[in-house]
Amino acid sequence: HGPAASSRNLWMIQIPRVFGAFHKAGLVSNFEELLNNIFQPLFEVALDPASHPDLAEVLPVITGVDSVDDESVPDQLCARRSQLYSEGQPLPAEGDVLRPQLWAVSENPPY
């Protein structure tokens with residue numbers, strides 16, 4: 001493969017909102033796991049470029065990360081209780097409501 005980085009290219013990473021589909025398929029157990037799959041390699045390579053050499057090559061020209069979705073479908077402005085807690089799950093402490101590791105239902109979290 002050719003070089004991904006050049007002085008002429010800048011990259012914007014677009015991440016589709018696929019948590020619901022990934023959770024239903026059993027690929028991730030909660031939203032935190034999805035976030036870790038995306039961002040952990042970026043943090044690792046920033047600290048140790050040898051950990052992911054191909055990513056280290058392109059990291060200097062990544063300008064941002066964007067979440068993309070089908071904009072023709074309305075997004076709920078606030079989360080319903082059924083989105084926040086699985087059946088039988090105890091209510092979390094105040095302030096923990098939208099912590100990614102607690103998002104373990106097959107719906108995308110609200111923006």
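Visitor: What should I know before we start?

Guide: This is a predicted model, where local features need pLDDT of at least 70 and side-chain atom pairs count only at pLDDT 80 or more, while totals for chains, interfaces and linings use all residues. Residues are numbered from 1 along each chain as its sequence is written, and side-chain values use heavy atoms, with hydrogens and water left out.

Visitor: What is the mean pLDDT of the protein chain, and where is confidence lowest and highest?

Guide: pLDDT is the predictor's confidence in each residue, from 0 to 100. The mean for the protein chain is 80, and 70% of its residues reach 70 or more. Confidence is lowest in α4, at a mean of 54, and highest in α2, at 94. Where pLDDT is low, the predicted coordinates should not be read in detail.

Visitor: What pattern does the protein chain follow along the sequence?

Guide: Read that way, the pattern is β-α-α-α-β-α, with 4 helices and 2 strands. Those come from DSSP runs numbered from the N terminus: H or I for helices, at least four residues, and E for strands, at least two.

Visitor: Why is Phe19 called buried?

Guide: Buried means under 20% relative accessible area, exposed over 50%, and partly exposed in between (1.4 Å probe, protein chains only). Phe19 has a relative accessible area of 1%, so the residue is buried. Buried residues make up 19% of the 111 residues in the protein chain.

Visitor: What makes Phe19 and Phe31 an edge-to-face pair?

Guide: Rings of Phe, Tyr and Trp (its six-membered ring) pair if their centres lie within 6.5 Å; planes under 30 degrees apart count as stacked, over 60 as edge-to-face, and the rest as tilted. By that rule the count comes to 1 aromatic pair. The ring centres of Phe19 and Phe31 are 5.6 Å apart and their planes sit at 85°, so edge-to-face it is. The pair links distant parts of the chain, with Phe19 in helix α1 and Phe31 in helix α2, 12 residues apart.

Visitor: How do you know that Asp69 and Arg17 form a salt bridge?

Guide: The rule asks for a side-chain nitrogen of Lys or Arg within 4 Å of a carboxyl oxygen of Asp or Glu. The side chains of Asp69 and Arg17 meet at 3.1 Å, N to O, and that is a salt bridge. Asp69 lies in the loop between β2 (62–68) and α4 (81–84), and Arg17 in the loop between β1 (11–16) and α1, so the pair ties together parts that are 52 residues apart in sequence. The structure holds 1 salt bridge.

Visitor: Are those two partners buried or partly exposed?

Guide: Asp69, at 37% relative accessibility, counts as partly exposed. Arg17 has a relative accessible area of 14%, so Arg17 is buried.

Visitor: Which backbone nitrogens does the side chain of Asn30 reach?

Guide: That side chain reaches the backbone nitrogen of Glu32 at 3.1 Å and the backbone nitrogen of Glu33 at 2.9 Å. Asn30 itself is found in the loop between α1 (19–24) and α2 (31–47). With a relative accessible area of 14%, Asn30 is buried.

Visitor: What does Leu55 contact, leaving aside its neighbours within four places in sequence?

Guide: Contact means heavy atoms within 4.5 Å, and Leu55 is in contact with Pro41, Leu42 and Val45. Leu55 lies in helix α3 (residues 53–58) and, at 22% relative accessibility, counts as partly exposed.

Methods. A polar contact is a pair of N or O atoms within 3.5 Å; within protein, one must be able to donate a hydrogen and the other to accept it, and residues adjacent in sequence count only if both atoms are side-chain atoms.
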